[in-house]
Every structure is written in C-alpha cells, then in structure tokens.
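Welcome! Take a moment to look it over before reading on.

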Amino acid sequence: MDFFDPHIHVASRTTDDLAAMARAGCVGVGEPAFWMGYDRSHPASFFDYFRQLTEWEPRRAANYNMRHYAWLGMNAKEAENVALARDVIAMLPEFLDRPHVLGIGEIGLNRCTPNEMTTLSELVELAMQRGEQMLFHTPHLDQKLRGTRMILDLLRADRRVDRRRVWIDHCEEHTIRLVLDEGYWAGITLYPTTKATPDRAADMIERFGAERILVTSSADWGPSNPMAVPEFIFTMRRRGHPDALIRRIVYENPLELMGQSRGFDFASEKSQETPR
Ligand SMILES: [Zn+2]
C-alpha cells in the first residue's frame with residue numbers, strides 16, 4: 001500500500017532506511033526541523049540545517065522515488081535560548097518561500113518554561129502573518145498533558161488560527177480527544193518504546209475514528225523505527241480493518257493536510273502522470 005510518513009527526520013537516517021521505506025510503499029515524507037541531539041551554538045548552524053532540509057534531503061529522497069517536504073522552525077528544546085531563537089526566526093521567511101516547504105514546525109514546548117512560551121508565541125505570530133500551516137510538538141510524557149493544554153490555550157486565544165491547518169503531534173490516549181474536539185489534526189507517533197506502539201495507535205483509531213488523524217514514525221537519531229508506518233498497516237490489517245480505512249489514515253489524510261500548503265505539489269504531479 002502506498003503511504004506517506006508525514007513526520008520523519010530523514011536527515012538522521014541512512015540511505016538503507018530510505019530504500020527499505022520505498023520498497024514498503026512510501027511515496028513521500030514530511031521532515032520537520034528539530035533538535036539534532038545537541039544544542040547548536042550559532043544561528044549559522046540553523047542556516048545550514050535549513051539548507052539541508054530544503055536542498056539536499058529532497059534530492060536524497062528522490063533517489064528512492066520519494067517526495068520530500070520540509071517544515072521549518074525553532075524546536076522547543078533550543079527555543080529556551082530566546083536570543084538565538086530570534087535570530088533563527090528572522091531567517092525563516094527566506095526559507096519558508098522555498099519549494100516543497102509546508103509551513104512552520106515542529107514548534108512547541110519541551111519543559112513548558114516562560115522562555116519556550118516566548119519563542120513559541122513569536123513563531124505563531126510569524127505563521128499568522130504569513131498564512132503558514134503549523135506543526136506542533138507536544139512534550140514528553142511527564143509534561144504531555146500540561147504542554148498540550150498550554151499550546152491549545154495559546155491557539156484558542158488567537159482568532160486568526162484556522163484549526164484545519166494546524167497539526168498537534170505526539171498525541172496519546174489522554175490528549176488526543178482534547179485536540180480532535182477543538183478541530184485540529186492529531187498526530188500519533190509510532191515509537192518502539194516511548195510514545196505509542198502500532199497497537200496503541202490502532203486502539204485510539206478504534207475509539208476516536210480516522211478523521212483528522214495522522215500516524216508517523218517520527219524517526220530520528222534516537223531509538224525509533226523508520227518502518228513504523230508499514231508496521232501500523234500490518235497491525236490494522238491483522239485486526240481486520242479494511243484497506244480503504246487504512247489508506248485513508250496513511251495516504252489520504254496526509255494528502256489532505258499537506259495539500260493545504262502552497263509548497264505541496266504531489267497531487268498535481270500525480271494527476272499529470274496518471275493516464276486518462
Ligand atoms: Zn520530530
């Protein structure tokens with residue numbers, strides 16, 4: 001089955017991973033800008049990282065017939081350094097105008113500090129001024145509920161926000177309903193240990209339905225699995241779910257969300273290629 005992995009840090013993965021994903025049916029990936037496992041010292045490091053995500057990674061994915069789309073922003077971990085964050089935010093517009101960029105992400109909270117909130121508010125302001133889609137990272141488990149609520153409060157207070165163009169990611173059983181009830185897209189992260197397993201994701205879909213749900217590997221440089229979406233497909237089939245439902249979650253839903261960005265050109269290319 002063709003699928004998208006709309007949240008994966010392929011810059012941290014090997015070409016073997018890309019080849020395996022392509023063979024399993026992956027037709028496209030979304031790569032949000034994130035923390036690279038170490039704090040960067042200078043704004044110029046972000047400049048090069050944004051070039052990597054908009055210039056080299058698309059070419060690397062294309063070698064395996066996969067489309068590559070980027071989200072750009074200041075991640076929650078390094079956002080604690082507000083001065084650095086402001087320099088990075090100032091360089092975002094020139095990159096956001098590049099082809100195959102979907103919006104501002106992943107942004108959000110890590111320890112839910114006042115500095116993180118300052119940076120986050122400034123990123124949301126930039127997104128609103130430019131009409132960008134947004135992808136939010138919610139914190140790890142000990143701060144998950146609190147951080148999710150803080151993000152939802154921030155968005156609720158801004159009447160410019162179009163919730164159909166906002167994706168709140170790393171939802172779990174205790175936060176997904178808050179996100180869906182307010183009309184946002186909800187991401188479920190398939191991780192081998194923390195976050196959700198394919199079975200827990202299937203449980204959540206059986207409880208809450210498939211509308212505005214995305215499942216992703218969020219694979220990065222740490223313990224994670226770039227083949228998590230095909231494992232989810234296998235899990236759903238084993239439970240007897242029809243392929244139409246599974247395809248909606250792993251293919252049609254990502255197309256619908258990402259298709260709202262001016263940088264997303266997959267559908268138009270596909271329709272040109274399809275013989276009439
Ligand atoms: Zn991520």
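## A helix and its surroundings

Which elements do the buried residues of α7 pack against? In this predicted model, they pack against α6 (176–181), β7 (185–189), β8 (213–216), α8 (228–238) and α9 (243–258). The helix itself covers residues 198–208, and its buried residues are Pro198, Ala201, Ala202, Met204 and Ile205. Viewed down the axis of α7, these buried residues fall within an arc of 160 degrees, so they line one face of the helix. Turn to the other side of α7 and you will find Glu206 and Arg207, which are exposed.

Setting aside neighbours within four places in sequence, Ala201 is in contact with Ile188, Leu190, Ala196, Val215 and Phe232.

## The whole chain

Now let us step back. The protein chain holds ten helices and eight strands. Its radius of gyration is 17 Å, close to the 19 Å that the globule rule gives for 276 residues, so the chain is as compact as a globular protein of that length. The C-alpha trace spans about 50 × 40 × 35 Å along its principal axes.

Of the 276 residues, 44% count as buried. Among contacts with a separation of 6 or more, 72% are accounted for by residues 24 or more positions apart.

At one end of the strand order, β1 and β2 pair in the parallel sense over three bridges. Phe3 has Cys26 in β2 as its bridge partner. Strand β2 is mostly covered, with six of its seven residues buried.

## A covered strand

Further along the sheet, strand β6 (residues 166–169) and β7 pair in the parallel sense over two bridges. The bridge partner of Trp167 in β7 is Trp185, while Ile168 stands opposite Ala186 in β7.

How many of the residues of β7 are buried? Five of its five residues are, and the strand is described as mostly covered. Trp185, Gly187 and Thr189 point one way from β7, whereas Ala186 and Ile188 point the other way, and all are buried.

## The nonpolar core

Several residues already visited turn up again here. The largest nonpolar core has 74 residues, and those touching the most other members are Leu72, Trp167, Ile168, Leu190, Ala201 and Val215. Helix α3 (residues 82–96) gives the largest share of this core, with six residues.

Recall that Trp167 has its bridge partner in β7, and that Ala201 lies among the buried residues of α7. Ala201 is also in contact with two others in that list, Leu190 and Val215.

## Backbone details worth a look

The peptide bond from Gly105 to Glu106 is cis, with omega near -15 degrees. Glu106 is found in strand β4.

Asn65 lies in the loop between α2 and β3, and His170 in the loop between β6 and α6. Is each of them buried or exposed? Asn65 has 11 C-beta neighbours inside 10 Å, and the cut-off for an exposed residue is 12 or fewer, so Asn65 counts as exposed. His170 has 27 such neighbours inside 10 Å and therefore counts as buried.

Notes:
Residues are numbered from 1 along each chain as its sequence is written. This is a predicted model: local features need pLDDT of at least 70, side-chain atom pairs count only at pLDDT 80 or more; totals for chains, interfaces and linings use all residues. A residue is buried if 20 or more other C-beta atoms lie within 10 Å of its own, exposed if 12 or fewer, and partly exposed in between; C-beta atoms are placed from the backbone. Helices (H or I, at least four residues) and strands (E, at least two) are DSSP runs, numbered from the N terminus. The arc is that of the directions from the helix axis to the C-beta atoms. Two residues are in contact if their C-beta atoms, placed from the backbone, lie within 7 Å. Two strands pair if DSSP finds at least two bridges between them. A nonpolar core is a set of buried Ala, Val, Leu, Ile, Met, Phe, Trp, Tyr and Cys residues joined through C-beta atoms within 7 Å. The radius of gyration is taken over C-alpha atoms; the globule rule is 2.2 Å times the number of residues to the power 0.38.
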